[in-house]
Amino acid sequence: MTAGKLGVVVLAAGQGTRMRSAVPKVLHEVAGRAMLAHVLAAARSISPERIVVVVGPDMPEVESAAAPCATVLQERQLGTGDAVAAASDSLADLASEGGDILVLYGDTPLLSGETLAALRARRQREPDASVVALAFRRPPPHAYGRIKLETDGAIAAIVEDSDATAEERRIDLCNAGVMIADGAVLLDLVARLSSDNAQGEYYLTDIFALARAEGLRSVVHETEEAEVLGVNSRAELADAERRMQARLRERAMREGATLVDPDTVHLAMDTRLGRDVVVEPHVVFGNGVEVGDGVRIGAFSHIAGAKLEAGSQVGPYARLRPGAHIGPGARVGNFVEVKNASLGPGAKANHLTYLGDAEVGGDANVGAGTITCNYDGLNKHRTVIGAGAFIGSNTALVAPINIGAGAVVGAGSTLTADVEEDAVALSRAPQTNRPGAARRLRERLAKLKAKSKG
Ligand code: UD1
Ligand code: CA
């Protein structure tokens with residue numbers, strides 16, 4: 001049993017040329033989270049002693065995404081073997097104490113902690129195998145490294161697609177890009193790699209042939225392709241997203257939410273849905289959404305950074321932006337946008353409204369077309385609507401403003417001053433009716449028309 005320490009190295013220095021992007025590849029997101037963050041989460045779940053992320057020059061965003069993990073710089077992107085070598089100094093102590101090193105690639109966002117745990121267990125069960133590579137089966141053609149096995153089942157070599165012979169290309173056993181190894185063996189092997197191959201790179205995968213030549217044994221641990229899909233292009237990013245969405249929808253349903261048409265619901269990694277939540281078709285969840293029990297979310301709603309308390313109802317066509325807090329039993333209807341605003345228990349804003357930087361008291365009713373004018377072009381201001389207040393339709397509330405509890409605001413008002421509790425506020429031109437004036441107007445216009453034709 002090698003129950004020694006574990007160090008993890010995550011390779012994230014590649015430019016990701018095939019993405020054709022100004023953004024480093026590992027920062028492209030799957031289900032609202034950078035690919036690198038997915039890989040780090042999987043790594044953390046098996047509690048390693050240390051995680052080191054290999055980054056390229058001028059990648060401050062990758063360094064921040066890696067924090068609080070240590071980062072090391074790979075000066076030039078000379079290949080995956082060179083990238084592991086760049087982390088040597090940071091892992092040497094751990095390796096010399098007999099620890100293992102797990103190598104992960106930053107572009108495999110679907111990798112799960114369970115698979116890593118299984119890989120580690122395999123290495124512990126089979127300590128005479130110095131390296132265990134994660135592998136999967138996929139019929140060619142594809143661009144993954146091909147794993148060649150000896151008759152005894154050990155790995156003979158891994159051949160990159162661009163270096164493979166026609167015969168090797170027919171091999172369906174693929175390198176997932178994840179391996180766990182005796183740390184000292186790995187660091188020794190990567191220090192001896194050469195770049196004599198089709199791409200002129202230091203391939204990490206060449207360590208298997210080197211190991212074999214030294215009489216060291218390496219084996220494969222097989223998993224599903226869906227776990228280890230490598231993202232190199234936008235199309236593969238979309239494929240990873242699709243698979244992750246399928247996982248998230250399954251989780252939501254397992255935990256007791258109804259997704260009426262699951263394939264049309266887009267979730268984020270951190271979306272939390274309570275029991276008996278009903279999500280109608282075509283709802284999009286951005287990051288940071290928490291939904292309480294029994295909430296109904298109408299079709300075509302877009303929700304991010306929002307908390308929906310038990311029994312509330314939103315949509316169809318609701319837009320909840322960060323800081324929206326919908327109280328228990330409150331209702332937000334169609335074409336209502338809520339940003340950094342709370343609705344108290346039982347409050348309603350059912351149609352065509354913007355509530356920004358606002359607080360709406362319990363059971364208040366916000367009429368159709370109400371707008372909180374929160375922005376003066378330079379600063380944001382707050383609107384407070386007291387409990388049980390009634391805001392008539394098409395009201396503009398020019399913030400900062402305070403509408404007292406139980407107050408009534410007449411439809412069509414533009415309010416710029418506070419309204420005290422239980423008062424009625426109106427600000428619109430008084431109505432005048434002139435009996436018969438419409439008929440007289442029509443007669444006058446008809447005469448004019450006749451004259452101009454005649
Ligand atoms: C690699 C494997 C291939 C495997 C596939 C699985 C090698 C040589 N090939 O190919 O056998 O089937 O992954 O997805 O390892 N990186 C660096 N520095 C570098 C080069 C790459 O940090 O100099 C990082 C990249 O950011 C990326 C990862 O290493 O996260 C893998 O590099 P990539 O170029 O995508 O390798 P593949 O060609 O996909
Ligand atoms: Ca890749």
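This is a predicted model: local features need pLDDT of at least 70, side-chain atom pairs count only at pLDDT 80 or more; totals for chains, interfaces and linings use all residues.
## A word on strands and helices

A strand here is a DSSP run of E with at least two residues, and a helix is a run of H or I with at least four; both are numbered from the N terminus.

## Around ligand 1

Let us start with the ligand. The space that ligand 1 takes up is the largest pocket. The shell around ligand 1 holds 23 residues, and those that come nearest are Gln74, Thr80, Tyr105, Glu160 and Asn175. Sorted by class, this shell has nine nonpolar residues, 10 polar ones and four charged ones. Which elements each supply at least two residues of the shell? Helix α3 (80-86) and strand β10 (173-182) each do.

Where do the glycines come in? The protein backbone meets oxygen atoms of ligand 1 at several places. At Gly14, a backbone N or O atom lies 2.9 Å from an oxygen atom of the ligand. A polar backbone atom of Gly79 is 2.8 Å from an oxygen atom of ligand 1, and for a polar backbone atom of Gly106 the distance to a ligand oxygen is 3.3 Å. Taken alone, ligand 1 exposes 760 Å², and the protein buries 90% of that.

## An enclosed helix

Now to helix α1, which covers residues 35-44. How many of its 10 residues are buried? Seven of them are, so the helix is largely enclosed by the rest of the structure. The buried residues of α1 are Met35, Leu36, His38, Val39, Leu40, Ala42 and Ala43. If you like to think in helical turns, an α-helix has 3.6 residues a turn, so residues three or four places apart point the same way.

Arg123 is found in helix α5, residues 113-125. Its relative accessible area is 2%, and because buried means under 20%, Arg123 counts as buried. The side chain of Arg123 reaches the backbone oxygen of Ala129 at 2.8 Å.

Glu168 sits in helix α6, residues 166-169. Is Glu168 buried or exposed? With 13% relative accessibility, Glu168 counts as buried. What does its side chain reach? The side chain of Glu168 comes to 2.8 Å from the backbone nitrogen of Thr165.

## Backbone angles to check

Two aspartates have positive phi values. For Asp58, phi is near 55°, a positive value in a residue other than glycine. Asp58 belongs to the loop between β4 (50-55) and α2 (60-66), and with a relative accessible area of 76% it is exposed. Asp357 has a positive phi of about 50° although it is not a glycine.

One joins Gly315 and Pro316, with omega about -5°. Pro316 is in the loop between β20 (313-314) and β21 (318-320). A cis peptide bond also joins Ala399 and Pro400, where omega is about 5°. Pro400 is placed in the loop between β29 (396-398) and β30 (401-403).

## Distances across the chain

Tyr317 lies in the loop between β20 and β21. With a relative accessible area of 39%, Tyr317 is partly exposed. How far apart are Tyr317 and Ala235 in space? Their C-alpha atoms are 29 Å apart, and the two residues are 82 residues apart in sequence.

Arg296 is part of strand β17, residues 296-297, and at 37% relative accessibility it counts as partly exposed. Along the chain, Arg296 and Glu421 are 125 residues apart, and 32 Å separates their C-alpha atoms.

Methods
Residues are numbered from 1 along each chain as its sequence is written. Chains are lettered from A and ligands numbered from 1 in the order in which they are written. Side-chain values use heavy atoms; hydrogens and water are left out. A residue is near a molecule or strand if one of its heavy atoms lies within 4 Å of it. A polar contact is a pair of N or O atoms within 3.5 Å; within protein, one must be able to donate a hydrogen and the other to accept it, and residues adjacent in sequence count only if both atoms are side-chain atoms. Accessible areas come from the Shrake-Rupley method with a 1.4 Å probe; for residues, only the protein chains shown count as cover. On a 1 Å grid over the protein atoms alone, a cavity is a set of points where a 1.4 Å probe fits but cannot get out, and a pocket is an open set with protein on both sides within 12 Å along at least five of seven lines; lining residues have an atom within 4 Å of a point. A molecule sits in a cavity or pocket if more than half of its atoms lie within 2 Å of its grid points. Ala, Val, Leu, Ile, Met, Phe, Trp, Tyr, Cys and Pro count as nonpolar, Asp, Glu, Lys and Arg as charged, and the others, Gly among them, as polar. Buried means under 20% relative accessible area, exposed over 50%, partly exposed in between (1.4 Å probe, protein chains only).
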